[in-house]
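Hi everyone, thanks for making time. Let me put today's chain up on the screen, and then we can walk through it together.

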Amino acid sequence: MDLDIIYVLMALTACASLGLFSYNRHTREHNELAPRMIPWIFIAMGSLATCFMLAVHLVNLLGFETGHR
């Protein structure tokens, strides 16, 4: 297995974990008067977009063409 594929799989796993964690934190009940200091939904959406880009990169590394060249 190529080392680039292993790096992409590790990054994809870390990004998906961060996305699930931040989405879980966003949907948690919030009863305090003070606002949340970390915008968890922005982190979750950014992580989702990064996961999509990593998935496309992984498909490209496996030999399929996804863009116009």
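Let's begin with the surface. The chain has an accessible surface of about 5,700 Å², and carbon and sulfur atoms hold 68% of it; these areas come from the Shrake-Rupley method with a 1.4 Å probe, and for residues only the protein chains shown count as cover.

A quick word on the source: this is a predicted model, where local features need pLDDT of at least 70, side-chain atom pairs count only at pLDDT 80 or more, and totals for chains, interfaces and linings use all residues. Residues are numbered from 1 along each chain as its sequence is written, and side-chain values use heavy atoms, with hydrogens and water left out.

Now the fold. There are two helices and zero strands in the chain, taken as DSSP runs numbered from the N terminus (helices H or I, at least four residues; strands E, at least two).

What about the overall dimensions? The C-alpha atoms fill a box of roughly 50 × 25 × 15 Å along the principal axes. Of the contacts in the chain with a separation of 6 or more, 57% join residues 24 or more positions apart, contact meaning heavy atoms within 4.5 Å.

Buried residues, those under 20% relative accessible area (1.4 Å probe, protein chains only), make up 16% of the 69 residues.

Let me finish on one residue. Is serine 47 buried or exposed? Serine 47 sits in helix α2, residues 40–61, and it counts as buried because its relative accessibility is 4%. Beyond its neighbours within four places in sequence, serine 47 contacts Cys15, Ala16, Leu18 and Gly19.

Terms used. Buried < 20%, exposed > 50% of the residue type's maximum accessible area, 1.4 Å probe, protein only.
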